[in-house]
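Subject: Structure handover

Hi,

Here is the structure I promised to pass on to you. My notes follow below it.

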Amino acid sequence: MFGIPGKQAVTMTPAAATQIAKLMTNKGHAGLRIGVKKGGCAGMEYTMDYVTTAEAHDEVVEQDGARILIAPMAQMFLFGTEIDYEVSLLESGFKFNNPNVADACGCGESIKFKNVEELAAEQAPDAPPKLV
């Protein structure tokens, strides 16, 4: 829906692909749907849910046996995101390395996305500022 032909909407590190494939196998699901919703102290939060079938307008990304489905309303926010899976002494979980994020809360659970002007400036950094 918001993609570039020949380029995946999101990518997964090998660690993330391995963990997602393991979850799919253990739980018997067809994939993991990711999205965004309003919430948290920064304004938006990522969502992750098991799915058994893709919906009509889901973007499907497959890599090394892992399948991610991106909810239609989240595609524009997640384009270019790398999903990683990290394990430390105290916790483990998925980490979203998203170039569209302007700010995040201290705990990392919620995010604020860049506005249209910020994204346009990144696409054309040498362009003169637009006067309003």
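Is K37 buried, partly exposed or exposed? At 44% relative accessibility, K37 counts as partly exposed (buried is under 20% relative accessible area, exposed over 50%, partly exposed in between, with a 1.4 Å probe and protein chains only).

Before the rest, some background. This is a predicted model, where local features need pLDDT of at least 70 and side-chain atom pairs count only at pLDDT 80 or more, while totals for chains, interfaces and linings use all residues. Residues are numbered from 1 along each chain as its sequence is written, and side-chain values use heavy atoms, leaving out hydrogens and water.

Now the salt bridges (a side-chain nitrogen of Lys or Arg within 4 Å of a carboxyl oxygen of Asp or Glu). The structure holds 5 of them. K37 pairs with E45 at 3.9 Å, N to O, and E45 is partly exposed at 22%. E86 and K95 meet at 3.8 Å; E86 is partly exposed at 38%, as is K95 at 39%.

E55 bridges to R33, with the closest N and O atoms 3.8 Å apart. E55 lies in the loop between β3 (44-51) and β4 and R33 in strand β2 (residues 31-38), so the pair ties together parts 22 residues apart in sequence (strands are DSSP runs of E, at least two residues, and helices of H or I, at least four, numbered from the N terminus). R33 is buried at 14%, and a salt-bridge network links R33, E55 and D58.

One backbone detail: D64 has a positive phi of about 50 degrees although it is not a glycine. D64 sits in the loop between β4 (59-63) and β5 (66-70) and is exposed at 62%.

Best wishes
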